[in-house]
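Please read the points in order, with the sequence and the coordinates at hand.

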Amino acid sequence: MIRLRQAICEQLPQLKNACHALEVPVKKQQLQNAGRPTVEWILPSAFAQQERELLDSLKKHRFEEAYVESVRIVPSAGRSAAKIEFQLQPQVFVEQLLQTKEHALHPSPFAAEHIVVEYSSPNIAKPFHVGHLRSTIIGNVLANLHQHLGYRTTRLNYLGDWGTQFGLLALGVQMLNVSDKEMQLSPIETLYKSYVAANQAAEQRPEIAQQARDLFAALEGGTDRAMAKQWQQYRKYTVEDLSKVYNRLGVYFDSYEWESQYSQQQIQDVLDKLRSAGLLQPERDGREIVVVDGRRIPVIKSDGSTLYLARDIAALLERLSRFQFSRLLYVVDNGQADHFNALFKTTAALDDRLSLEQLQHVKFGRIHGMSTRQGKAIFLKDVLDEARDIMREKRNLSATTRENYNLDDEHVCDILGVSAVLINVLKQRRQRDHEFSWQQALQVNGDTGIKLQYTHCRLHSLLDNFRDVDLDDIKPDWKHFATEPADALDLLYALARFDQSVWQSKEQLEACVLVNYLFGLCNATSRALKRLPVKQESSLERQLQRLLLFNAAKKTLRQGMELLGLRPLDQM
């Protein structure tokens with residue numbers, strides 16, 4: 001369908017960026033068009049001033065008849081924006097949707113734009129908490145969407161490994177006499193125990209806290225090479241440990257970065273620039289601040305130490321030089337809104353290479369109620385293990401579960417459990433707080449990750465029964481689908497909406513747009529499977545055309561699931 005969209009937009013310079021924004025109308029409107037395939041472009045508000053000029057030029061334009069049968073122009077009326085309806089050549093429409101052979105696409109118009117997405121970003125001393133789940137999976141989906149659309153995309157994981165608390169961590173490792181082997185076997189858990197031990201000791205003995213500050217000062221100043229080398233090893237082990245959880249979530253990064261990679265000299269350079277630009281102002285109590293939207297934001301404390309804002313400005317400027325990004329997205333919870341507002345406005349005022357339009361804080365709300373059935377501490381690994389175990393129990397109790405020795409039951413249950421957790425979170429609007437429910441997440445019939453996996457397995461099973469049929473040799477036929485029950489056209493139009501759903505999901509930075517589209521696709525597929533049987537159909541022509549339809553449904557569902565970070569199953 002994307003090639004058909006491109007063909008329309010290439011004929012008009014005004015529509016060049018509207019390729020993905022062309023929408024397949026809702027069912028009611030398709031019926032008004034006698035079921036003929038249609039796409040429409042609703043004029044964005046940015047075009048409101050040129051509406052008459054644009055609509056007049058379209059009236060005179062002749063579109064290529066191979067793609068477009070007719071064009072209908074609807075001027076704006078009241079609150080309804082103007083729109084242009086393109087009635088498509090139905091045979092070309094169905095061929096674009098159902099042909100199995102891949103055709104070379106035009107180069108992406110976004111290939112020159114570089115999008116950097118920073119997401120997940122846990123601290124190295126703490127177990128991966130469910131609080132990081134939303135950042136991790138929302139950021140992953142946004143990076144996937146941009147990459148799918150042809151943007152050059154870089155995925156960053158910016159890990160916390162700096163600050164006075166890490167002096168306590170280093171001291172705790174010494175106090176517990178942790179061996180390198182212990183650290184390698186379970187780095188995050190060992191580091192966490194070390195921090196807790198040192199923190200408890202520091203509460204009772206003030207000299208311990210001073211010792212921790214001295215240790216961190218040595219690490220920060222680069223005067224203790226042995227400790228610096230040890231710190232590098234801790235970081236390496238941490239990344240290896242985190243990767244196990246990331247692999248289960250279908251998440252990856254192009255680069256792991258660290259707070260500690262920004263030296264005191266780089267931060268000092270930023271402070272000097274802020275002073276030179278007149279942005280850093282002294283306070284009577286010895287602090288130095290920047291003023292953002294009338295608020296006085298501290299950058300340097302009265303004891304001369306810097307706050308995180310200074311380090312984040314240094315990181316942002318370094319990334320601008322290194323990546324030369326078009327946009328940088330920070331996927332971080334709602335609570336950090338003031339920090340990012342200060343970061344963006346201060347850095348943009350400091351460096352004229354940067355504009356506020358290039359920076360975005362992608363906010364999200366909290367997840368409540370995500371614990372194991374025993375109500376244990378909320379570490380993500382425990383939650384994913386719990387989801388896997390519940391799916392195993394459900395499979396064992398289900399009367400429809402068949403014994404299959406070719407299936408890795410543990411692997412399947414893990415994928416189902418992770419799918420349930422991911423979709424239960426991603427189907428929510430990201431800025432809303434969300435109450436997690438095991439019962440809702442693990443339903444087969446509701447709008448869940450299990451539903452997506454189940455539909456994909458049904459389609460795979462059907463197509464596998466006809467694996468000897470070479471679908472590449474079958475030409476899709478519009479006349480056939482026009483005579484089928486309405487469920488066939490409903491599924492065709494659902495497939496045609498995939499591109500616009502991906503685009504809208506990217507534009508709104510909302511994974512739920514794509515999730516809800518996939519639920520709708522599953523519903524349309526389920527109805528079509530019921531009304532359009534393949535095995536029982538006596539007509540070979542009908543069989544083959546229906547196989548093409550269900551093959552396209554499986555391919556589209558698979559693509560959408562992978563964009564969400566799911567691993568589609570063929571059997572469950």
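1. Is C413 buried or exposed? In this predicted model, C413 has a relative accessible area of 0%, and the residue is therefore buried. The closest cysteine sulfur to that of C413 belongs to C457, at 12 Å, which is too far for a bond.

2. C512 has 3% relative accessibility and so counts as buried. Its sulfur lies 16 Å from the closest cysteine sulfur, that of C522, and this too is too far for a bond. A disulfide is a covalent bond between the sulfur atoms of two cysteines. The cut-off applied here is 2.5 Å between the sulfur atoms. How many disulfides does a search of the whole structure find? The search finds zero.

3. Strand β4 can be examined residue by residue. Of its five residues, five are buried, and the strand is described as mostly covered. Both faces are covered: H114, V116 and E118 are buried on one side, and I115 and V117 are buried on the other. Strand β4 runs parallel to β5 (residues 152-159), and five bridges join the two. Within this pairing, I115 stands opposite T153 of β5, while V117 has R155 of β5 as its bridge partner.

4. Which residues does H146 contact, once neighbours within four places in sequence are left aside? They are I115, Y151, T153, L329, K506 and L509. H146 itself is placed in helix α5. With a relative accessible area of 1%, H146 is buried. H146 and W503 are separated by 357 residues in sequence, yet their C-alpha atoms are 9.0 Å apart in space.

5. At 2% relative accessibility, L509 counts as buried.

6. Another residue to check for backbone geometry is S121. Its phi is near 50 degrees, again a positive value in a residue other than glycine. S121 is found in the loop that runs between β4 (114-118) and α5 (133-148).

7. Strands of a sheet pair through backbone hydrogen bonds, either parallel or antiparallel. This sheet is open, with the order β7-β8-β9 and antiparallel pairing. Its edge strands are β7 (281-282) and β9 (295-300), each of which pairs on one side only. Five bridges join β8 (residues 288-292) to β9, and the two strands run antiparallel. V292 stands opposite R295 in β9.

8. The last point concerns a pair of helices. How do the axes of α17 (residues 449-465) and α22 (residues 540-563) cross? They come within 10 Å and cross at roughly 145 degrees, and the crossing is left-handed. On the α17 side, the contact is made by L452, Q453, T455, H456, L459, H460, L462 and L463. On the α22 side, it is made by L547, F550, N551, A553, K554, L557, R558 and M561. By class, the contact has nine nonpolar, five polar and two charged residues.

Conventions
Residues numbered from 1 in each chain as written. Predicted model: local features only at pLDDT ≥ 70, side-chain atom pairs only at ≥ 80, totals over all residues. Heavy atoms only, no water. Pairing = 2+ DSSP bridges. Helix = DSSP H or I, 4+ residues; strand = E, 2+ residues; numbered from the N terminus. Buried < 20%, exposed > 50% of the residue type's maximum accessible area, 1.4 Å probe, protein only. Axes fitted to C-alpha atoms, helices over the stretch in contact; angles between N-to-C directions. Left-handed = near helix turned anticlockwise from the far one by under 90°. Contact = heavy atoms within 4.5 Å. Nonpolar A, V, L, I, M, F, W, Y, C, P; charged D, E, K, R; others polar.
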